[in-house]
Amino acid sequence: MKTTSYDIIVVGGGPVGSYTAWLLAREGFHVGIFEKNPEIGKNINCTGIISTECFRQYDLPENTVIRPIVSVKAVAPSGDSLKYQAASPFAYVVRRDMFDRAIHKRAEQAGAVTHLGSGVKEIAVTRDAFSIKTGKAGKEETFSSEVGIIATGFEMHALPGIPERPGEFFFGAQTEVGMEDMEDVEVYFGEKIAPGSFSWIVPTNDRKAKIGLLTRNNPASFLRKFMKSRHISGRVTPGESPIKCSPVPTTTIPKSYADRLVVVGEAAGQVKATTGGGIYFGLLCSEIAADTILNAFRQGNFTEKVLRAYDKAWRSRLAPELKAGLRLKNIYSMLSDRQIDFLIDLARKDGIMPVIERAGFDWHKDIITHIIRHLMPKNFFRK
Ligand SMILES: Cc1cc2nc3c(=O)[nH]c(=O)nc-3n(C[C@H](O)[C@H](O)[C@H](O)COP(=O)(O)OP(=O)(O)OC[C@H]3O[C@@H](n4cnc5c(N)ncnc54)[C@H](O)[C@@H]3O)c2cc1C
């Protein structure tokens with residue numbers, strides 16, 4: 001069996017894998033990207049909402065934007081709503097297939113080599129190399145490198161050889177529908193709509209919208225019920241696209257590094273605990289991973305002693321957010337519809353909008369602290 005060598009192997013050609021590959025290829029490293037799908041940007045289940053802050057920070061491809069988002073309407077189980085209207089766009093909806101391809105193209109232009117239809121079946125780490133096996137039985141190929149980056153997203157079946165994977169997850173179900181009268185992104189709360197989480201309708205273009213929800217069980221059945229619910233029935237025309245369901249991690253992995261490897265993006269659970277959005281945190285951690293790997297090459301040392309710095313740095317950046325998000329999620333999952341109605345009503349009167357404006361689209365700790373400290377009166381759980 002022939003073995004091909006790279007400096008760095010990236011497993012997974014999603015946005016986080018390709019972005020990390022780009023950062024390292026442009027430093028002159030020989031990078032190999034391995035993607036199991038026959039094309040980049042295939043079989044994606046994502047709404048494609050990315051903040052304007054993230055776009056600016058990572059110089060993301062603007063030609064993939066379908067539309068800007070300037071307002072969000074939150075709808076309580078009672079049907080009462082609360083609208084957040086910004087002065088200018090705070091996020092964009094992108095075409096995720098084009099977005100993934102545009103980032104991947106940057107990596108290739110910087111010299112990264114892509115192996116499509118190359119699902120990695122096994123990884124192995126020895127004292128001298130990180131190596132992977134791809135291909136069908138009898139036609140297997142092996143590739144090796146100094147260091148490996150696991151950016152496989154959250155797969156239901158773990159890749160043999162990776163040290164850890166997120167232990168808890170929701171399912172995200174989504175489809176595309178025809179939708180009249182849509183200006184805002186709409187989010188809906190309620191035990192019968194999406195227990196423990198929320199559902200969304202996001203206008204895309206040509207009177208179409210992405211409609212989806214996050215829930216622990218039966219996501220497709222909840223989504224079908226939501227489309228027929230009194231809140232939106234009559235406005236929705238079922239589309240031709242099927243309902244897709246995918247897991248979204250709600251916890252991070254305990255350890256995102258080992259000798260000669262790091263785990264980045266959704267595979268490490270680097271997603272917003274409040275919304276399940278993973279692109280921003282994934283790119284942020286991708287930069288930290290690339291810096292740590294550059295340092296490992298400088299030192300000629302790929303042991304976990306050096307790669308540990310990656311884990312420490314991303315956790316110290318994201319831990320307050322992830323902790324606050326988890327706290328809110330735990331409280332929220334105990335609320336009845338009556339309590340959610342009460343909270344949304346209170347938020348309308350309390351003046352939460354300036355807090356939302358200050359916090360920005362990606363950082364939710366301050367909003368969560370505000371909700372817990374100021375909106376939930378001490379006797380809230382007795383209501
Ligand atoms: C319904 C839904 C809506 C969402 N909406 C948003 C949103 O609006 N905004 C947002 O920021 N996030 C959203 N997310 C989350 C977002 O899609 C992910 O966080 C993001 O795709 C993570 O990027 P990634 O590169 O880490 O992983 P992925 O995008 O999952 O990419 C991983 C890649 O690795 C490949 N792969 C997997 N295993 C192997 C293997 N063994 N060998 C080779 N290749 C492999 C996969 O084919 C894939 O191409 C949503 C998720 C869901 C389910």
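Helices (H or I, at least four residues) and strands (E, at least two) are DSSP runs here, numbered from the N terminus. Residues are counted from 1 along each chain as its sequence is written. The model is predicted, so local features need pLDDT of at least 70 and side-chain atom pairs count only at pLDDT 80 or more, while totals for chains, interfaces and linings use all residues.

**View 1. Arginine 260 sits in a loop between two strands.** On one side of this loop is strand 20 (257–258), and on the other is strand 21 (261–263). Arginine 260 isn't a glycine, yet its phi is positive, at about 60 degrees. Is this residue buried or exposed? Arginine 260 is buried, with 24 other C-beta atoms within 10 Å. (Buried takes 20 or more other C-beta atoms within 10 Å of the residue's own, exposed 12 or fewer, and partly exposed is in between, with C-beta atoms placed from the backbone.)

**View 2. Asparagine 218 lies in a loop between a strand and a helix.** The loop links strand 17 (208–215) and helix 4 (219–228). Here too is a residue with a positive phi that is not a glycine: asparagine 218, at about 45 degrees. Asparagine 218 is partly exposed, with 14 other C-beta atoms within 10 Å.

**View 3. Domain 1 touches domain 2.** The domain assignment, automatic or from a database, gives domain 1 (3–45 + 96–166 + 253–318), domain 2 (49–94 + 168–249) and domain 3 (326–376). The centres of domain 1 and domain 2, taken over C-alpha atoms, are 29 Å apart. Their contact takes 16 residues from domain 1 and 19 residues from domain 2 (two residues are in contact if their C-beta atoms, placed from the backbone, lie within 7 Å). On the domain 1 side, helix 3 (96–109) and helix 5 (279–299) are the elements that give two or more residues. Helix 3 has the largest share, four residues. That side has ten nonpolar, four polar and two charged residues (Ala, Val, Leu, Ile, Met, Phe, Trp, Tyr, Cys and Pro count as nonpolar, Asp, Glu, Lys and Arg as charged, and the others, Gly among them, as polar).

**View 4. Helix 5 meets helix 6 (residues 304–332).** Their axes come within 9 Å and cross at roughly 155 degrees (axes are lines fitted to C-alpha atoms, for helices over the stretch in contact, with angles from 0 to 180 degrees between N-to-C directions). The two helices are therefore roughly antiparallel, a term for angles over 145 degrees. Among the residues that meet are Phe281, Leu284 and Ile288 in helix 5, and Tyr310, Trp314 and Arg317 in helix 6. The residues of this contact divide into 13 nonpolar, three polar and one charged.

Methods:
Parallel < 35°, antiparallel > 145°, perpendicular 65-115°, else oblique.
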